Amino acid sequence: MAIDDTHGLGYELVDNDPNVSVLLATMDTTAKWDATLRLRLWERSELGLGSGQRLLDVGCGLGEAALALADDLGVDGEVVGVDVSAEMLHVARSKAGGARCRVRFTVGDACSLVEPDDSFDVVRSERTLQWLADPSAAVAEMARVVRPGGRVSLIDTDWSTFAIDVGDDEIAAMVRNAMRTERGRPSNVGRRLHDLAHHAGLAPVARAEATQTWTRWNPDETPAPDGCFSMQSLADDLVATDQLAPAERDRFVSKIHQAARRDQFSMQLTMYAVVAAQPPA
């Protein structure tokens, strides 16, 4: 990845993106965030998967989360992963050889799943709803395909929680204000997961959250903090929303880079999770 890469890391149309390799590498990095790992451990405990069950991962990406859960399903279980990106599924399939149970990865639409009603014991979706035009339609589809008494697990980011501290109150306030408003996608869906599950007819049974924190970053070595967008991309977003004057773009980026070089840089972002049950028939 080039040091001056300013890609915005959008995941709406991965396969048609000229920076698809950057997107795949970033997906791999975000899967290793402390916040991601903590919520996956919590999810595994709450789901209590058993031998012979069927698991559907909607927006499975590179497949590592679904394949980790496959260990709990035994040889008679099955994992099905659905994602809009054939490139991501190619990577997922390459990892599936050692799975204990049957595994199937398929290209599909989260808002129109090609799976029968009541056909899975557990359905999960992680960091996917924020990229969909209609998250409620996707959760309704998950509720449709999970059996009575089954569970649905939703994990997603809330970008309204994004905060940056470089010792400059003006920059911190500018970023905070810009992130509060959703533009073009439901980027702040994380804290709405409980309501989405409830409106789909599911009964939320547990909730959790985890905050990812960055405290060190060398802008001379990598274009962005691990798994995040570059500061050039952030500046472009602020300019596009009239939070930052175009003439101030380079100065904004330079201030953040200089603070990071002085070890005066930190960022935070919170992810939310809910596990909900499909009421018994």
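Asp 263 is partly exposed, with a relative accessible area of 47%; here buried means under 20%, exposed over 50% and partly exposed in between, using a 1.4 Å probe and protein chains only. Asp 263 sits in the loop between α9 and β7, where helices (H or I, at least four residues) and strands (E, at least two) are DSSP runs numbered from the N terminus. Although Asp 263 is not a glycine, its phi is positive, at about 60°.

Asp 242 also deserves a look: this residue has a positive phi of about 65° and is not a glycine. Asp 242 belongs to the loop between α8 and α9 and is exposed, with a relative accessible area of 73%.

## About the model

The model is predicted, so local features need pLDDT of at least 70 and side-chain atom pairs count only at pLDDT 80 or more, while totals for chains, interfaces and linings use all residues. Residues are numbered from 1 along each chain as its sequence is written, and side-chain values use heavy atoms, with hydrogens and water left out.

## Helices α8 and α9

Two packed helices are described by the angle between their axes and the distance between the axes. For α8 (residues 231–240) and α9 (residues 249–261), the axes come within 9 Å and cross at roughly 140°. Axes are lines fitted to C-alpha atoms, for helices over the stretch in contact, and angles run from 0 to 180 degrees between N-to-C directions. α8 and α9 are therefore oblique to each other, since angles under 35 degrees count as roughly parallel, over 145 as roughly antiparallel, 65 to 115 as roughly perpendicular and the rest as oblique.

On the α8 side, the contact (heavy atoms within 4.5 Å) is made by Met 231, Gln 232, Leu 234, Ala 235, Asp 236, Leu 238 and Val 239, and on the α9 side by Arg 249, Phe 252, Val 253, Ile 256 and His 257. His 257 counts as buried at 11% relative accessibility. Leaving aside neighbours within four places in sequence, His 257 is in contact with Trp 217, Pro 219, Met 231 and Gln 232.

## Around Phe 265

Which residue does Phe 265 pair with across distant parts of the chain? The partner is Trp 217, in the loop between β6 (203–214) and α8, whereas Phe 265 lies in the loop between α9 and β7 (266–277), 48 residues apart. Their ring centres are 5.3 Å apart and their planes are at 55°, so the pair is tilted. Rings of Phe, Tyr and Trp (its six-membered ring) pair if their centres lie within 6.5 Å; planes under 30 degrees apart count as stacked, over 60 as edge-to-face and the rest as tilted. Trp 217 is buried at 7% relative accessibility, and Phe 265 is buried at 3%.

Val 166, in the loop between β5 (146–165) and α6 (169–180), is buried with a relative accessible area of 6%. Beyond its neighbours within four places in sequence, Val 166 is in contact with Ile 171, Ile 256, Ala 259, Gln 264 and Phe 265. Val 166 and Gly 149 are 17 residues apart in sequence, yet 48 Å apart in space, C-alpha to C-alpha.

## Helices α1 and α4

The axes of α1 (residues 20–30) and α4 (residues 86–95) come within 10 Å and cross at roughly 50°, which makes α1 oblique to α4. Val 20, Leu 24, Met 27 and Asp 28 of α1 meet Glu 87, Met 88, Val 91 and Lys 95 of α4.
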